[in-house]
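Dear colleague,

Please find the structure below, together with a short account of what was found in it.

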Amino acid sequence: DRQVIDTDPPLPHIVAAKQKPGADGHIIWLDINKLPIHDADGRVIGVLGVLEDITERKLAQDALSYEKQKSENLLLNVLPHRIAEKLKQVQEKKIEDGAAIAEQFESATILFADIVGFTPLSIHLPAKELINLLNQIFSTFDLIAEKHGLEKIKTIGDAYMVAGGLPVPREDHAEAIARMALDMQQAIVDFQRKIDRPLSIRIGINTGPVVAGVIGIKKFIYDLWGDTVNVASRMESSGIPGKIQVTSATYEILKYRFVLEERGEIEVKGKGKMMTYWLVEELEVEG
């Protein structure tokens with residue numbers, strides 16, 4: 001009121017929460033308008049307050065905003081932030097159904113992991129306990145991926161897929177994936193001790209160009225395509241429990257910072273003979 005009297009301009013649409021009088025007074029929302037009252041000489045001699053109870057409208061707006069935020073959070077939990085933003089732009093522009101969001105990445109590193117011994121556990125553990133264990137394992141993997149700045153792509157049964165170098169490119173994607181693979185190995189060792197049953201992990205890694213994006217109009221998933229992805233999957237399936245198998249492409253990047261052992265040539269479905277290596281550990285940095 002003093003501001004209106006001293007400066008003259010009205011103050012329209014001040015939204016404020018007020019408590020109604022009485023013992024059971026509850027909070028209401030008011031749209032307040034403060035209008036100056038002038039005398040014959042144009043001087044401000046008072047203030048007229050016009051109030052409107054907008055509680056129902058405010059609660060409806062808050063509920064709508066809350067639901068919108070929940071939808072935003074859910075989308076960001078399913079898709080990388082950059083891809084979620086692109087998807088919203090596509091939807092806002094009402095691009096025809098079936099429009100794809102896809103990008104080509106010249107270099108990325110893909111990891112596939114499969115939990116060995118998980119299926120036999122179903123004989124000894126109740127279904128709910130089995131799924132809870134898988135959830136704990138994959139939740140741990142999620143935290144490891146977050147720690148190393150990597151992108152979880154998806155889970156398929158008791159298999160886990162993660163990528164480095166996308167959707168935001170980075171030069172050290174192979175090293176980051178290698179560190180995650182070693183951390184995953186240790187995590188499975190810890191889980192094995194916890195449940196006191198046989199459990200191990202088989203991991204395959206490959207580096208190369210990939211296409212990444214979202215296709216379709218329902219149940220969106222950020223996925224990867226290309227020969228690099230297929231070979232990474234073959235590295236896992238042709239590997240040995242407890243070991244991390246990498247291609248020569250990944251080996252060439254890691255060989256100066258990690259200990260790797262040559263496995264030799266193996267027959268890879270759809271590719272013929274390929275030279276592969278076992279990732280053993282990271283080299284200690286002096287100083």
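The secondary structure of the chain consists of eight helices and 11 strands; helices (H or I, at least four residues) and strands (E, at least two) are DSSP runs, numbered from the N terminus. Please note that this is a predicted model, in which local features need pLDDT of at least 70 and side-chain atom pairs count only at pLDDT 80 or more, while totals for chains, interfaces and linings use all residues. Residues are numbered from 1 along each chain as its sequence is written, and side-chain values use heavy atoms, with hydrogens and water left out.

Of the 287 residues of the chain, 39% count as buried, that is, under 20% relative accessible area (1.4 Å probe, protein chains only). The largest nonpolar core has 40 residues, of which F141, M184 and L279 touch the most other members. Such a core is a set of buried Ala, Val, Leu, Ile, Met, Phe, Trp, Tyr and Cys residues joined through side-chain atoms within 4.5 Å. Helix 6 (residues 173–195) supplies the largest share of this core, 11 residues. A second, separate core of 15 residues includes I110 and Y222.

Leaving aside neighbours within four places in sequence, M184 is in contact (heavy atoms within 4.5 Å) with residues including F141, I144 and Y160.

The axes (lines fitted to C-alpha atoms over the stretch in contact, with angles from 0 to 180 degrees between N-to-C directions) of helix 5 (residues 127–147) and helix 6 come within 10 Å and cross at roughly 150 degrees. The two helices are therefore roughly antiparallel to each other, a term for angles over 145 degrees.

Yours sincerely

Note on methods: Buried < 20%, exposed > 50% of the residue type's maximum accessible area, 1.4 Å probe, protein only. Parallel < 35°, antiparallel > 145°, perpendicular 65-115°, else oblique.
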